[in-house]
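This briefing concerns the chain shown below.

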Amino acid sequence: MLIGERAPADIQARIRRAVSEDPAVRAVTALHTMHVGPRSILVVIGVDFPRELTTATLEAAVERLHQHVREAAGGRTDAWLIVIEPARDQARAFGAGTADGVGEGDGRARRSA
């Protein structure tokens with residue numbers, strides 16, 4: 001293991017499977033992992049959630065997903081190293097991407113002409 005190296009394929013497969021099997025997840029759209037320490041893996045997951053989920057249901061799903069990821073990683077990550085992102089089109093629909101909700105949904109603010 002080298003810092004900056006992705007997690008082994010078997011751990012990535014377990015994480016992907018654990019997240020995709022959750023009833024609130026339609027699909028895993030992205031999975032990125034990186035070792036940040038000897039037994040610490042940063043995990044960033046893109047998830048497609050059904051639009052009809054309520055806020056409370058979505059919050060519960062995200063908490064479950066954090067637990068699923070920790071278990072799938074076999075103790076090699078902590079909750080603060082797990083990032084769960086809604087699929088890109090969902091982020092745009094909810095105004096994510098800029099502080100004021102305006103923009104392309106890619107994290108960049110629009111510049112005025």
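Of the 113 residues of the chain, 33% count as buried, and this figure, like the others here, is computed from a predicted model. The chain holds 3 helices and 3 strands, which follow one another from the N terminus in the order α-β-β-α-β-α.

**Surface and contacts**

- The accessible surface of the chain amounts to about 7,100 Å², and carbon and sulfur atoms account for 52% of that surface.
- When contacts between residues at least 6 apart in sequence are considered, 55% of them join residues that are at least 24 apart.

**Strand pairing**

- Strand 1 and strand 2 run antiparallel and are joined by 9 bridges; the two strands form a hairpin, with 2 residues lying between them.
- Within this pairing, His-35 stands opposite Ile-41 of strand 2.
- Strand 2 also pairs with strand 3, but here the strands run parallel and 5 bridges join them, with Ile-45 standing opposite Ile-84 of strand 3.
- In a regular strand, side chains alternate between the two faces of the sheet.

**Helix 1**

- The buried residues of helix 1 are Ile-11, Gln-12, Ile-15, Ala-18 and Val-19; because they cover an arc of only 135 degrees around the axis, they lie on the same side of helix 1.
- An α-helix has 3.6 residues a turn, so residues three or four places apart point the same way.
- The elements that cover the buried residues of helix 1 include strand 1, strand 2 and helix 2.

**The nonpolar core**

- The largest nonpolar core comprises 21 residues, and those with the most contacts inside it are Ile-15, Val-19, Val-43, Ile-45, Val-47, Phe-49 and Val-69.
- At least two residues of this core come from each of helix 1 (9–20), strand 1 (27–37), strand 2 (40–48), helix 2 (55–72) and strand 3 (82–86).

Methods: Residues numbered from 1 in each chain as written. Predicted model: local features only at pLDDT ≥ 70, side-chain atom pairs only at ≥ 80, totals over all residues. Heavy atoms only, no water. Core = buried A, V, L, I, M, F, W, Y, C linked by side-chain atoms within 4.5 Å. Buried < 20%, exposed > 50% of the residue type's maximum accessible area, 1.4 Å probe, protein only. Helix = DSSP H or I, 4+ residues; strand = E, 2+ residues; numbered from the N terminus. Contact = heavy atoms within 4.5 Å. Areas by Shrake-Rupley, 256 points an atom, 1.4 Å probe, with all protein chains shown as cover. Arc of directions from axis to C-beta. Pairing = 2+ DSSP bridges.
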